[in-house]
Amino acid sequence: MDFRQLRYFIAIAEEKNITAAANRLHMSQPPLSIQLKQLEEELGVKLVERNGKSMALTDKGEVLYRHALQLVNNLEEVKNELQETEEGRKGPLS
């Protein structure tokens with residue numbers, strides 16, 4: 001599991017539709033479906049219930065969604081802080 005897969009999963013969870021999530025991510029639907037299937041296989045749990053064209057998170061999917069949001073947000077905060085430090089907007093003055 002990597003951050004890219006977590007971002008994909010977040011989009012699927014929020015859009016509740018693979019095609020809409022793929023559009024949001026500017027990619028085609030088949031690779032996104034493959035990524036979801038691989039993530040489910042890697043974790044050994046079913047993350048979404050497919051109901052025709054829409055989907056709903058399972059209770060395990062809800063747990064992953066909560067943690068994925070937190071991890072991705074933390075990573076963005078780290079990137080922003082490093083960028084601010086590099087640009088001299090944050091950190092010790094010398």
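Helices (H or I, at least four residues) and strands (E, at least two) are DSSP runs here, numbered from the N terminus. The model is predicted, so local features need pLDDT of at least 70 and side-chain atom pairs count only at pLDDT 80 or more, while totals for chains, interfaces and linings use all residues. Residues are numbered from 1 along each chain as its sequence is written, and side-chain values use heavy atoms, with hydrogens and water left out.

Let us start with the whole chain. It holds 4 helices and 2 strands, and from the N terminus the order of elements is α-α-α-β-β-α. Along the principal axes, the C-alpha atoms fill a box of roughly 60 × 25 × 20 Å. The radius of gyration (taken over C-alpha atoms) is 16 Å, whereas a compact globule of 94 residues would have a value near 12 Å; the globule rule is 2.2 Å times the number of residues to the power 0.38. Of the 94 residues, 27% count as buried, where buried means under 20% relative accessible area, exposed over 50%, and partly exposed in between (1.4 Å probe, protein chains only). A contact means heavy atoms within 4.5 Å. Among contacts with a separation of 6 or more, 47% come from residues 24 or more positions apart.

Lys 16, in the loop between α1 and α2, has a positive phi near 60 degrees although it is a residue other than glycine. Lys 16 is partly exposed, with a relative accessible area of 47%. In the loop between α2 and α3 sits His 26, again not a glycine and with a positive phi of about 60 degrees. At 74% relative accessibility, His 26 counts as exposed.

Next comes helix α3, residues 29-43. Its 15 residues reach 21 Å from the first C-alpha to the last, close to the 21 Å expected at 1.5 Å a residue; the expected span is 1.5 Å times one less than the number of residues. Leu 32, Gln 35, Leu 36, Leu 39 and Glu 40 are the buried residues of α3. They cover an arc of only 135 degrees around the axis, which puts them on the same side of α3; the arc is that of the directions from the helix axis to the C-beta atoms.

Leaving aside neighbours within four places in sequence, Glu 40 is in contact with Val 45, Lys 46, Leu 47, Val 48 and Arg 50. Just after α3, Gly 44 takes a positive phi of about 75 degrees.

The two strands follow. β1 and β2 run antiparallel and are joined by 4 bridges; two strands pair if DSSP finds at least two bridges between them. One of the pairings links Asn 51 to Ser 54 in β2. The hairpin has 2 residues between the strands, and there Gly 52 takes a positive phi near 65 degrees.

Now back to Thr 58, which counts as buried at 10% relative accessibility. A polar atom of the Thr 58 side chain lies 2.7 Å from the backbone oxygen of Lys 46. A polar contact is a pair of N or O atoms within 3.5 Å; within protein, one must be able to donate a hydrogen and the other to accept it, and residues adjacent in sequence count only if both atoms are side-chain atoms. Not counting residues up to four places away in sequence, Thr 58 touches Lys 46, Leu 47, Val 48 and Glu 49.

Helix α4 comes last. At 1.5 Å a residue its 28 residues should span 40 Å, and its end C-alpha atoms are 41 Å apart, which agrees. Gly 61, Leu 64, Tyr 65, Ala 68 and Val 72 are buried in α4, and what covers the buried residues of α4 includes α1, α3 and β2. Just after α4, Gly 88 takes a positive phi of about 80 degrees.
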